[in-house]
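Student: I would like to learn how to read strand pairing and helix packing in a model like this one. Could you take me through some cases?

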Amino acid sequence: MACSDIEDEILYREDATGVRFSPTKLQGTIDYLPAMAPKYVKVVNVDELLNPVDSFEVSVDSGNSKNRAFEVGSRDYEYPIVKIVPVFEQDNGTEMEFPQYVRLDKRNDNLKLNLFEALAAERTEELVREKDCSFDSARIQAVAELIMALDIIKEKEEASRLASDMSEYYSLMLMKKSWTFIYCQYEISDSLFYKTFEELRKDFAKKGSVDSSFLVHAADVWLSTFKVVTDKNGYVKFKSVSRDSSVGANGFNSEFFASVYGIQFLWNENSPAKIDNKLSQFNGRKFIYDKSESLWRLAMPLDDSLGICYSRKDSIVVHEGKYYRCAKGSVEWKEETDRDTILKQTYGTCGSAAMNIGRAGYVGDSLFVCICEDKKCAWTDKYAKSVIKKNDPIYPSYVIANAIREFGLCGQKLYGEIKKVNDDYVLCSKKDNKWEVVDSLDYYLGMCSEENAKGEHQGVYYACKDYEEYGVVGGNWSEIPEPAYLDEECHSIEVGALYVKKYGDDYFACYTRTKLDKNGYSKSVTFWNKLDSAEAIPPVINMDVCNSDRENLKVIYDGAYYECDNRDLFYRWYPVENDSLLPPERDGHICTPDLYGTVKKYGDAYYECGYVNQWRKMPAVESALLYYRDSLGSCDTISKKSLYWNEKSSSFFGCLKGKTGYDWTQIYLAPGLNYTMPKSFEKRKFAGGVVDRDSAYTVTVDGVAYRFSIFEKNWPLSHVVIAGKGYDAYFYNERLFLHSERGTEQVQIDSIKNKSESYDGFFASWKSWAKKCSECSDTTIDVDTSVYVARYNEDAFMDWKRASAFCPEGFHIPSSEEFMQDDFVAYKTYDMTIRNDTPVLWNYKMNKIGCNRDNTIFFDIFWTSSEKDEKTQLCYEAAWHIYKNEKDRRIVDCPKDLYPMVQTLCVQDD
């Protein structure tokens with residue numbers, strides 16, 4: 001749409017989406033190769049079908065060779081699409097044009113002209129004209145197809161996403177910029193580059209794809225320009241030596257070749273990347289990796305024949321009658337013709353400390369010997385036509401020279417092998433990495449063959465094949481056990497037992513292990529092994545079973561003990577030191593499943609035959625139960641029950657009634673971990689009391705009568721009598737607390753009579769705090785009349801005057817600081833038998849998601865010994881929710897005449 005106030009004057013133009021695209025200024029960069037200098041840029045106006053309407057040319061700012069810029073001043077464009085064509089000059093003077101389409105936007109000052117968009121341009125035209133696509137959808141489709149066609153990204157959805165995201169798309173194109181130039185064969189010549197570009201653009205425009213053969217051919221062309229070179233710093237490189245290194249890919253690009261050839265680069269020397277692509281002229285060739293140089297290169301035919309030439313190697317080999325050298329720092333085999341170099345690399349430097357004088361070697365058929373005269377050493381061929389005899393000083397060197405001539409240098413592939421050289425034998429020694437003349441077993445036993453696969457020499461038995469389980473491999477003679485030599489069958493007799501045979505003074509055991517066969521399947525292999533003196537113990541040679549069922553089991557032979565154990569990760573028999581035996585074992589009582597549960601007493605200690613064939617010394621608590629049974633009799637025979645203190649276990653014991661009658665049990669004078677008596681109390685004094693009808697236990701200690709409530713094995717303190725006066729009592733965190741004796745009623749607090757004048761005001765303030773304690777999910781409940789007092793009697797509450805005289809001698813009302821200590825006193829249960837208080841209870845309902853419907857909060861208010869002023873005493877108040885534990889605690893001002901509401905709690909002095 002064009003808007004104008006005066007006829008024929010265009011103020012601005014908008015596209016279909018309302019974006020003002022004209023008039024506009026064009027600015028951008030030409031992102032081709034640094035060596036490609038554009039002559040000018042042509043801007044072509046087009047219609048809706050991308051047909052050219054008119055065009056004009058602009059110059060190029062060539063100041064920056066990396067990103068050459070162009071600029072078009074503000075002018076009017078009738079259609080929001082333009083074709084921009086950078087024009088370059090070929091080597092022969094003709095021009096190369098690379099058109100691409102650009103959608104005009106509100107601002108057009110960051111346009112990027114590149115080869116990738118030029119390749120997609122004609123495909124965009126095809127989709128607009130023939131497929132009736134919009135420009136934007138046509139461009140996105142064309143770019144996405146090209147991304148996939150050039151193997152840059154293989155997934156269609158990802159390619160389409162990138163084609164739509166200009167920022168991420170340009171980043172990708174920057175990384176893959178070299179690929180498009182390689183595909184167009186830029187590295188060869190301008191004419192081939194432009195010809196290939198036009199063929200690729202035209203073919204892609206029609207099909208929306210690119211034949212694999214085209215991509216592979218382009219990769220082959222590029223790879224054919226690669227050579228091994230050494231840079232100015234002495235580093236070995238495998239790189240393209242084409243006409244222009246500015247392609248940005250003159251170095252080896254494993255990602256590119258992996259994509260085109262469909263191969264994988266694993267970056268280790270043992271995993272070459274083989275080209276398995278019949279479209280490639282390099283099909284069957286492989287890329288090899290040199291770890292020392294971090295270098296991938298194409299393997300040469302000599303690498304296949306002679307072994308890979310790595311840069312760290314420095315070796316010479318003979319191939320088809322010629323010498324080839326892989327020199328250190330090089331990665332290519334080259335023919336070597338210099339005699340001294342061949343001798344030095346093959347046999348060492350003549351006269352060096354590492355070489356004995358008289359060392360011999362061959363070059364071709366000529367024998368050379370290292371001779372030193374007048375402190376000068378050199379290779380000489382004066383023995384070339386001589387007959388070397390065994391007593392000649394150079395004879396060993398002569399034999400080794402013939403070994404090298406026949407078998408090559410001693411190296412890793414020959415380590416340990418014994419070779420026959422004429423009438424002599426040589427060993428490739430791993431220790432010295434050299435051939436050495438040896439007296440071989442082949443000499444005594446004969447060469448290994450099907451008919452000669454076993455033999456004996458000086459009382460030792462050998463085999464050279466068919467005995468892999470004994471390490472016999474490669475046709476080399478290896479020692480084997482005597483029963484194997486005699487073909488004694490090796491088999492298992494029972495899981496956990498060894499089959500043992502005796503030969504002379506030696507014992508041999510049959511073992512089983514698992515190995516993989518040639519197809520990768522597991523199989524069990526049995527083999528004989530000679531037992532040393534530590535292994536040939538009686539239970540082994542008598543073939544006693546030792547397995548998981550017999551773990552820890554002991555056996556006795558001639559007064560000596562042996563134990564089945566898996567301390568070395570598998571089960572075997574071990575001798576046992578007598579000092580480690582327990583008393584029942586010293587008496588010959590071996591713990592077996594038949595004796596499980598058997599208990600024996602030695603002195604004051606009890607021992608039980610328990611799980612996994614082991615006696616155990618029973619801990620003090622378990623022993624105490626047996627001790628009382630043995631010393632006092634079974635609980636059913638004791639008429640007057642009491643509580644007993646055991647010093648060894650520091651525990652109480654007594655008779656407790658269970659489902660099947662009375663039995664000895666460990667007793668705890670506390671309902672939980674925190675309900676502990678003061679450390680100053682001597683626990684033993686609390687024994688010897690009287691159990692009353694299995695519900696209470698009473699005992700007098702130092703003039704104080706204590707009563708404990710019986711709840712199975714937990715007996716919490718509930719009451720004391722001090723100086724003739726009774727108190728409800730409570731142990732908590734090693735403190736003794738006293739409370740007035742509680743009643744049994746539950747009454748509404750409003751029903752309590754004789755309220756003080758200060759009560760109403762205090763209660764009203766208390767209800768506000770109680771409401772706050774009900775908070776759940778930003779909801780609170782007003783306190784109604786559902787406020788009760790549990791375990792109420794007339795002594796439940798008292799004013800300060802009465803409270804101040806309540807505590808007996810040796811006790812005091814805690815201060816506010818004491819009360820506010822963490823876990824000083826707590827009531828963490830709703831069991832009123834255990835709670836040492838007369839709490840105010842508030843029951844309420846809450847209809848709120850995420851909150852409990854039925855709720856109860858226990859409130860306790862206690863006088864503290866801390867005075868605020870002559871009319872006010874500080875009180876401690878705590879709220880405990882039946883489901884959510886402690887809700888809050890605080891110090892609150894209490895009128896000294898306040899009644900009811902406040903309880904009195906005494907704590908024993910330290």
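Tutor: Happy to, and keep in mind that the model is predicted. Start with strand E53 (residues 872-881) and E54: the two run antiparallel and are joined by 10 bridges. Within that pairing, Leu 874 faces Asp 893 of E54.

Student: Which order do the strands of the open sheet follow?

Tutor: The sheet has six strands, in the order E48-E49-E51-E52-E53-E54, with antiparallel pairing. At its edges lie strand E48 (745-748) and strand E54 (885-895), each of which pairs on one side only. On average, neighbouring strands of this sheet are turned by 30° against each other, direction ignored.

Student: Which helix packs on the sheet, and which strands does that helix touch?

Tutor: That is helix H17 (residues 759-773), touching strand E49 (787-792), strand E51 (840-845), strand E52 (854-869), E53 and E54. The direction of H17 makes about 160° with that of E54.

Student: Now for helices against helices. What describes two packed helices?

Tutor: The angle between their axes and the distance between the axes. Take helix H1 (residues 115-130) and H2: their axes are 8 Å apart and they pack at an angle of about 130°. Angles over 145 degrees would count as roughly antiparallel and 65 to 115 as roughly perpendicular, so H1 and H2 are oblique to each other. The crossing of H1 past H2 is right-handed.

Student: Which residues of H1 and H2 meet there?

Tutor: From H1 come Phe 116, Glu 117, Leu 119, Ala 120, Arg 123, Thr 124, Leu 127 and Val 128. They meet Phe 135, Ala 138, Arg 139, Gln 141, Ala 142, Val 143, Glu 145, Leu 146 and Ile 147 in H2. Sorted by class, the contact of H1 with H2 has 11 nonpolar, two polar and four charged residues.

Student: How do the axes of H2 and H3 cross?

Tutor: The axes of helix H2 (residues 135-149) and helix H3 (residues 156-164) come within 8 Å, crossing at roughly 130°. H2 and H3 are therefore oblique to each other, and H2 passes H3 in a right-handed crossing. On the H2 side, the contact is made by Arg 139, Ile 140, Val 143, Ala 144, Ile 147 and Met 148. H3 contributes Lys 156, Ala 159, Ser 160, Ala 163 and Ser 164. The classes here are seven nonpolar, two polar and two charged residues.

Student: Is the crossing of H7 and H8 left-handed or right-handed?

Tutor: Left-handed. Helix H7 (residues 212-223) packs with helix H8 (residues 254-261) at an angle of about 145°, and their axes are 9 Å apart. Leu 215, Val 216, Ala 219, Asp 220, Trp 222 and Leu 223 of H7 make the contact with Phe 256, Phe 257, Val 260 and Tyr 261 of H8. By class, that gives nine nonpolar residues, no polar ones and one charged.

Student: Let us finish with a single residue. Where is Tyr 668 found?

Tutor: Tyr 668 sits in the loop between strand E41 (661-667) and strand E42 (690-692). Its relative accessibility is 37%, so Tyr 668 counts as partly exposed, since that class runs between 20% and 50%.

Student: Which residues does Tyr 668 touch, leaving out those up to four places away in sequence?

Tutor: Lys 713, Asn 714 and Trp 715.

Terms used. Residues numbered from 1 in each chain as written. Predicted model: local features only at pLDDT ≥ 70, side-chain atom pairs only at ≥ 80, totals over all residues. Heavy atoms only, no water. Axes fitted to C-alpha atoms, helices over the stretch in contact; angles between N-to-C directions. Helix = DSSP H or I, 4+ residues; strand = E, 2+ residues; numbered from the N terminus. Parallel < 35°, antiparallel > 145°, perpendicular 65-115°, else oblique. Left-handed = near helix turned anticlockwise from the far one by under 90°. Contact = heavy atoms within 4.5 Å. Nonpolar A, V, L, I, M, F, W, Y, C, P; charged D, E, K, R; others polar. Pairing = 2+ DSSP bridges. Buried < 20%, exposed > 50% of the residue type's maximum accessible area, 1.4 Å probe, protein only.
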